[in-house]
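Hello,

Here is the structure for you to look over. My notes follow below.

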Amino acid sequence: MRYFSSTLVLFVLFFSVGCISNVEDISDTPDIDPNDISYSADIQPIFTSSCGSCHINSSTSGVNLTSYSTTTNSVGSVAGGPIVVPGEPGNSPLVEKIKPDPSYGSRMPTTGQYLTPTEIAQIEAWITGGAEDN
């Protein structure tokens, strides 16, 4: 019986450690200077590679990330307003939806890999810097 209890404890610990490694670590999110971010060189490539299946060359839930113009003019049907609020990443639904545990709906993208902490920080820095077309 003692052997069974020890084996059970080791089994539970082994699988618990495996679950811990699946938790997303966003504590290492880099600080990025908004002046170092370019929409065309940094932000659009993120949108194209990660959001393309639903939001490039089409509008899903009012969000079209095909270009600077379509991104900044997108009005999310769920958010009920612009998805990008220049200078205010905390009030931009785009940022809300790409971070873990959004307050409404599912985290984006719903298919494929989530954006990395660095990609999220780049998007936040771009918005903080005024969401410029640069």
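This is a predicted model: local features need pLDDT of at least 70, side-chain atom pairs count only at pLDDT 80 or more; totals for chains, interfaces and linings use all residues.

Pro109 sits in the loop between helix 4 and helix 5 (helices are DSSP runs of H or I, at least four residues, numbered from the N terminus).

Residues are numbered from 1 along each chain as its sequence is written, and side-chain values use heavy atoms, without hydrogens and water.

Asn57 is in the loop between helix 2 and helix 3 (68-72). Asp101 is in the loop between helix 4 and helix 5. Asn57 counts as exposed at 66% relative accessibility, and Asp101 is exposed at 71% (exposed is over 50% relative accessible area, buried under 20%, partly exposed in between; 1.4 Å probe, protein chains only). Most residues other than glycine have a negative phi, and most peptide bonds are trans.

Pro30 lies in the loop between helix 1 (2-20) and helix 2 (39-55). Pro30 is partly exposed, at 29%. Beyond its neighbours within four places in sequence, Pro30 contacts Pro117, Thr118 and Ala121 (contact: heavy atoms within 4.5 Å). Pro30 and Gln122 are 92 residues apart in sequence, yet 8.9 Å apart C-alpha to C-alpha.

Regards

Note on methods:
Helices (H or I, at least four residues) and strands (E, at least two) are DSSP runs, numbered from the N terminus.
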